[in-house]
Structures are given as structure tokens and as C-alpha cells.
Amino acid sequence: MAVNGVMDSALRSPIADQPGQSLRIDAAISWEAVQRECAAAGVVLHLTDSYRPLAVQERIFRERYVTHFTGIDHRIWRGVNYWRRPGTASAAVPGTSNHGWGIAVDCGVGSFTSKAYRALSDHGPGHGWTNTAGRQIQEPWHWEYNSAHDQHPSPVPTPKPTPKPTPEDDMPLNPADLDAVGERVKQILRAPEFQTYLRDVPWAHPISGSGMGPAAAEQWLADTRQSVLDISNVVHGLAGQVTALAAQIAALGAK
Ligand SMILES: [Zn+2]
């Protein structure tokens with residue numbers, strides 16, 4: 001499983017026309033689609049940041065946050081109190097940034113009223129990209145990807161369901177059948193969508209100390225509920241497969 005800010009390059013993809021920038025593979029594909037649509041609308045997007053390794057998150061945090069009281073943006077990192085230096089932009093506690101999951105970009109759009117911001121607002125959300133979190137902290141440049149809201153997700157192979165044995169199914173089983181069922185379980189565990197659910201679980205981003213406003217916290221709770229449902233659906237399907245496998249093994253033993 002990926003760790004925030006420590007994402008293997010195999011899990012990331014460089015972004016077309018954005019030298020040095022990369023994102024989680026599905027987010028990269030999706031962002032490139034947003035870029036193409038905005039370009040067609042006459043707006044060329046430039047990224048200033050995307051995937052952010054842990055060391056960079058730490059450097060940025062230390063540049064902007066100090067351990068003496070400034071009165072703004074209190075955060076706790078490794079048990080130590082920090083406050084934001086006046087005049088600097090907000091930064092996530094290292095290890096919690098969505099940049100560290102490869103699902104956030106900083107895009108030079110200027111302001112909330114610029115042509116580029118409008119183009120992104122028109123073309124981003126359909127591909128799962130929103131400025132919701134950025135807007136909470138007055139950052140028009142910070143856009144985040146949520147694969148659950150991507151209406152054009154990149155194609156991932158969907159494993160075919162294995163038919164459940166019916167009570168009247170007394171066909172003899174052979175080792176090839178068992179191999180097939182075992183292979184099926186492995187397919188589910190390796191399925192990109194199952195891995196994605198695990199990586200996307202928002203409980204990796206704690207509310208406390210995140211500087212989240214009420215709307216963002218509400219969204220966080222909604223996303224968490226959805227992720228739990230998604231995971232429970234996948235696990236439920238997997239449990240069904242394992243039960244079927246156990247029944248087949250028992251039937252084989254009874255012969
Ligand atoms: Zn950002």
C-alpha cells in the first residue's frame with residue numbers, strides 16, 4: 001500500500017506537457033484530459049506542483065510554520081505545536097497532504113475570477129477535479145482528484161464474477177476448478193479498483209489539526225462513509241467467493 005509522500009514511481013505517471021510533474025496514474029490520465037479540454041477552450045494550464053515527496057512536504061512545512069505562537073493556523077506535528085508564519089500560504093502537516101498521495105495539483109490559475117479558474121471549474125469536476133479543499137483555505141491554485149467523482153475513469157479490468165454453485169449442482173469438481181477459484185480470489189485482491197479503494201481511504205487524513213472548515217469536514221465524513229461502503233462491498237464479494245471455495249473443497253472431500 002502506498003505511503004503518503006513515499007509513492008513508488010511505478011504507481012505514478014508523468015503528466016504530459018508538465019516537465020517534472022507526476023501524479024497517481026489514474027489522476028494523471030484524468031488531469032491530462034482536463035488539460036486537453038481547457039486547451040481546446042483556449043486556456044493552457046501550467047502546474048507548479050503535483051506529487052510531493054515527504055521530504056518536500058517537511059521542508060515546505062518548516063518554511064511556513066514556527067513553534068512560537070503567531071495566532072494563526074495552529075497545527076500539531078509529531079506532538080509539537082506549530083503556528084503559521086504570517087504572510088505565508090497554508091501547508092498540510094507532513095505526511096497528510098493530498099499532494100503526498102499524488103492526487104493534488106497546484107495550477108497557476110491566478111485568482112478565483114480568472115479565465116483559467118473558470119475553465120478549470122468548467123472542465124475539472126466531470127473528471128473528478130475540484131477546488132473545494134483549496135477554496136476553504138483561499139487557494140485558487142490547489143485542485144484535488146477524487147476518483148469516485150470521475151465520470152470518465154481510466155479503464156481498469158473488471159474481473160468477471162464466478163457463478164455461485166447451486167444446491168442442485170452436483171457436477172464433480174476437479175483440481176482445475178479449484179485452481180480457477182483460487183485464481184479468482186487472487187484477481188480480486190490484485191484488482192486495481194480494490195487497491196484504489198484502499199489507497200483512497202480518507203481516514204488517512206485526520207480532521208484534527210488539518211485546518212478543515214465545517215464544509216470540508218462534512219465532505220470528509222461523506223467520503224469516509226462512501227469508502228467504507230465501497231470496501232465493504234468488495235470484501236463482501238470476496239467473502240462470497242471464499243465461502244463458495246470452501247463449499248467446493250468440502251464437496252470434494254466428501255467424495
Ligand atoms: Zn496544493
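Author: Let us begin with a definition: helices (H or I, at least four residues) and strands (E, at least two) are DSSP runs, numbered from the N terminus. This is a predicted model, in which local features need pLDDT of at least 70 and side-chain atom pairs count only at pLDDT 80 or more, while totals for chains, interfaces and linings use all residues. Residues are numbered from 1 along each chain as its sequence is written.

Reader: ok, where is Met212 found?

Author: Met212 lies in the loop that runs between helix H6 (192-200) and helix H7 (214-254).

Reader: and is Met212 buried, exposed or partly exposed?

Author: A residue is called buried if 20 or more other C-beta atoms lie within 10 Å of its own, exposed if 12 or fewer, and partly exposed in between, with C-beta atoms placed from the backbone. Met212 has 18 other C-beta atoms within 10 Å, so Met212 counts as partly exposed.

Reader: how far apart are Met212 and Ile137 in space?

Author: From C-alpha to C-alpha they are 8.4 Å apart, although 75 residues separate them in sequence.

Reader: switching to sheets, what is the strand order in the open sheet of four?

Author: The order is E3-E7-E9-E8, and the pairing is antiparallel, where two strands pair if DSSP finds at least two bridges between them. Strand E3 (47-49) and strand E8 (127-130) each have a single partner strand and stand at the edges, so one side of each has no neighbour in the sheet.

Reader: which helix packs on the sheet?

Author: Helix H1 (residues 25-40) does, touching E7, E8 and E9, with contact meaning that the C-beta atoms of two residues, placed from the backbone, lie within 7 Å. The direction of H1 makes about 85 degrees with that of E8; axes are lines fitted to C-alpha atoms, for helices over the stretch in contact, and angles run from 0 to 180 degrees between N-to-C directions.

Reader: which residues of H1 are buried?

Author: Among them are Asp26, Trp31, Val34 and Cys38, and what covers the buried residues of H1 includes helix H3 (115-123) as well as E7, E8 and E9. Just after H1, Gly42 takes a positive phi of about 90 degrees.

Reader: last one, how many bridges join strand E5 to E6?

Author: Three bridges join strand E5 (residues 75-77) to E6, and the two run antiparallel. Ile76 has Asn81 in E6 as its bridge partner, and in the hairpin of E5 and E6, with two residues between the strands, Arg78 takes a positive phi near 50 degrees.
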